[in-house]
Protein chains: 2
Amino acid sequence: MLSKSQINFLKSLQTKKERATQGLFLVEGFKSVIEFINSPYGVEAIYHTTSFDSNVLNLSRKINSFEISSAEMEKISSLKTPQHVAALVKIRVLPPLNNNLLKQKFSLVLDGIQDPGNLGTIIRIADWFGIQNVICSTDSVDVYNPKVVQASMGSLSRIDVFYEEIGRILAETDLPVFGALMQGESIYETDFGTHGLIVMGNEGNGMSRDVERLITRAVTIPRVGGAESLNVGIAAALFCSEINRKLPK
Amino acid sequence: MLSKSQINFLKSLQTKKERATQGLFLVEGFKSVIEFINSPYGVEAIYHTTSFDSNVLNLSRKINSFEISSAEMEKISSLKTPQHVAALVKIRVLPPLNNNLLKQKFSLVLDGIQDPGNLGTIIRIADWFGIQNVICSTDSVDVYNPKVVQASMGSLSRIDVFYEEIGRILAETDLPVFGALMQGESIYETDFGTHGLIVMGNEGNGMSRDVERLITRAVTIPRVGGAESLNVGIAAALFCSEINRKLPK
């Protein structure tokens, strides 16, 4: 049973400000909780409803777990349909991003992504295609937003998400900088090589001008039909897939 | 100004039952409304707030338009942030699906898609890649659900969405039936040829067994990293892109 102040505390983590102050966020759902337990993240506590057997959770180490009521779970949950388990997880402080971390591989760079569902989906895509680093501009949606965590389906536990002045990163890198743009060489014909940065723009406005002028290779997804644009998550997936298809095996 | 019963009527179209009874649905947002006006759909009426110049809307024909207040728009809207314009549009009754319609092209077949955002995204993808037909199993989410219409970003005005017993369609077709499955030949190596049906399964449970046994070519998206699955919209995009890449030019 949770006290009123505990409930308020857990609920407060739905705001970015409180997450930053406390250094904590909430992960909901059995599958995601398991993945965070088996990850570099520190798990502070687990909350589960009576209909849940907590034994299966304590896989690799001892974590305090609390049985709570469904009504309490509803109060602390950000979901319309709350799950049977949630975990209180420590925000991970990553080492500063440097050129060494980006060497010899592909990384995704996101310029001003606003929709939490899109960021979560892109993290899941990065995880599927083995892309370790996602670099967000500082004005992007917070990665510990409950909707991002939810949409990433546990992949956030494996992917490193950095917040950086991406203009500086792109200006300083010696990697090729591929940009997803409406005009450019066809993604199907682009030789991506074995490493580089893949830059995706904001949902409505595309890439900011300062970022776009740092693109060294403008790449486009050829359109056949009538749609004006593709969702940024879809575009990111098509880039990751084409890069992967062409990688020397 | 709208009467209370007009507001209730427009609001009632958020439910599938009322849409089916009335044969009408609501399209919201300037861009989408324009696209439906310039489409085979019949537009019954346009509602716009004072901050909107209605002249730009009457492009190709005379449509009754009504200036309403922002408060009224909020009442009839299904959006958190209502737009300045909405259109009352007639549900289009498509001719029965037959083999002729599917000949010499690729069509998407969706088995039990439940999430309206996913269906809308897939319609937008189909539109981008020039795929005219999307065939949904009868237990799929309704295509005139406001969230589907919204996520399709106007593409619904150009794509034909059928609801069919897809088991029967797949059993009767002489087209190759490609299925997006966890096991199968790599999508990158699959020769899709010039026509066929592309079957995608439900978000959580994948394809139903009766549908899966009618797949003639099991195709998979190779995984590199740790994510357990890809979102069905992402998978649909990767299939459409690969098919398009390999089409004889």
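Biologist: How much area is buried between chain B and chain A?
Modeller: About 2900 Å², with carbon and sulfur atoms giving 64% of that. Buried area here is the accessible area (1.4 Å probe) that two parts lose on being put together, summed over both. Arg124(B), Trp128(B) and Tyr188(B) supply 26% of what chain B buries against chain A, more than any other three residues. Keep in mind this is a predicted model: local features need pLDDT of at least 70, side-chain atom pairs count only at pLDDT 80 or more, and totals for chains, interfaces and linings use all residues. Side-chain values use heavy atoms, with hydrogens and water left out.

Biologist: And how many residues are in contact?
Modeller: 33 residues of chain B are in contact with 33 residues of chain A, contact being heavy atoms within 4.5 Å.

Biologist: How many salt bridges cross the interface?
Modeller: The rule finds two, a salt bridge being a side-chain nitrogen of Lys or Arg within 4 Å of a carboxyl oxygen of Asp or Glu. One of them pairs Arg245(A) with Glu242(B), with the closest N and O atoms 3.9 Å apart.

Biologist: Which element gives the most to chain B's side?
Modeller: H10(B) does, with eight residues. Helices are DSSP runs (H or I, at least four residues), numbered from the N terminus.

Biologist: Why do the copies meet through the same surface?
Modeller: Because 100% of the interface residues of chain B are also interface residues in chain A.

Terms used:
Residues are numbered from 1 along each chain as its sequence is written. Chains are lettered from A and ligands numbered from 1 in the order in which they are written. Helices (H or I, at least four residues) and strands (E, at least two) are DSSP runs, numbered from the N terminus.
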